[in-house]
Amino acid sequence: EVQVLEVAPAPASPEIARRLQLAEGSEVLVRRRRYLADGQPMELATSYLPWELVQGTKITDASTGPGGIYARLEELGHRLKRFTEDVRARMPLPEEARALQLPPGVPVIALVRVAYDREDRPVEVCDTVMAADRYVLSYELPAR
């Protein structure tokens, strides 16, 4: 189950502006979600997209339709080419511990993914915070 907590434009933080290759303070769409499994909070995900790309599109709606924001971006001509991910473990911020209903001492996995289109333009930053005791990150990578 996905709970949409917020969908609104806001000024980009220095970090988000850097990752999206925008000027600091540029307007971005902020999409905050909380994911639950069997009623238990599992992760918080916040997507940031350049406002100029998404203004007036279905991406600004709480429900983006089948395929989510990636399908909508591709319909707008931003065919996705690649993603980068930075993954780290850390202790949760107080508001994250509350939102994820974490017992004391449970860390989170913080994953920041950047989606790039075929022109190598970053079109989304997704900042995800996962309850570390509820996830296994599993990857398969080609040898060459």
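Predicted model: local features only at pLDDT ≥ 70, side-chain atom pairs only at ≥ 80, totals over all residues.
Colleague: Then why does Glu15 count as partly exposed?

Modeller: Glu15 has a relative accessibility of 35%. That value falls between the limits of 20% and 50%, so Glu15 is called partly exposed.

Colleague: And Arg18: buried or exposed, and how do you know?

Modeller: Arg18 has a relative accessible area of 53%. The cut-off for exposed is over 50%, so Arg18 is exposed.

Colleague: What makes the contact between Glu15 and Arg18 a salt bridge?

Modeller: The closest N and O atoms of Glu15 and Arg18 are 2.9 Å apart. A salt bridge needs a side-chain nitrogen of Lys or Arg within 4 Å of a carboxyl oxygen of Asp or Glu, so this pair qualifies. Both residues sit in helix H1 (residues 14-20), 3 residues apart, which is about one turn of the helix.

Colleague: How many salt bridges does the structure hold?

Modeller: The structure holds 12 salt bridges. One of them joins Arg121 and Glu52, with 2.7 Å from N to O. This pair links distant parts of the chain, 69 residues apart: Arg121 is in the loop between strand S5 (108-117) and strand S6 (122-131), while Glu52 is in helix H2 (residues 51-54).

Colleague: What makes Asp120 and Lys81 a salt bridge?

Modeller: Their N to O distance is 3.9 Å. Because that is within 4 Å, the pair counts as a salt bridge. Asp120 lies in the loop between S5 and S6 and Lys81 in strand S4 (residues 80-90), so the pair ties together parts that are 39 residues apart in sequence. There is also a network: salt bridges with shared partners join Glu15, Arg18, Arg19 and Asp86.

Colleague: Now for Gly68: why is it called buried?

Modeller: Gly68 has a relative accessible area of 18%. Buried means under 20%, so Gly68 is buried. You will find Gly68 in helix H3 (residues 68-75).

Colleague: What makes the phi of Asp38 stand out?

Modeller: Asp38 is not a glycine, yet its phi is positive, about 55 degrees. Most residues other than glycine have a negative phi. Asp38 is found in the loop between strand S2 (27-37) and S3. At 86% relative accessibility, over the limit of 50%, Asp38 counts as exposed. Gln101, another residue other than glycine, has a positive phi near 50 degrees, and its place is in the loop between helix H4 (94-99) and S5.

Conventions. Residues numbered from 1 in each chain as written. Heavy atoms only, no water. Helix = DSSP H or I, 4+ residues; strand = E, 2+ residues; numbered from the N terminus. Buried < 20%, exposed > 50% of the residue type's maximum accessible area, 1.4 Å probe, protein only.
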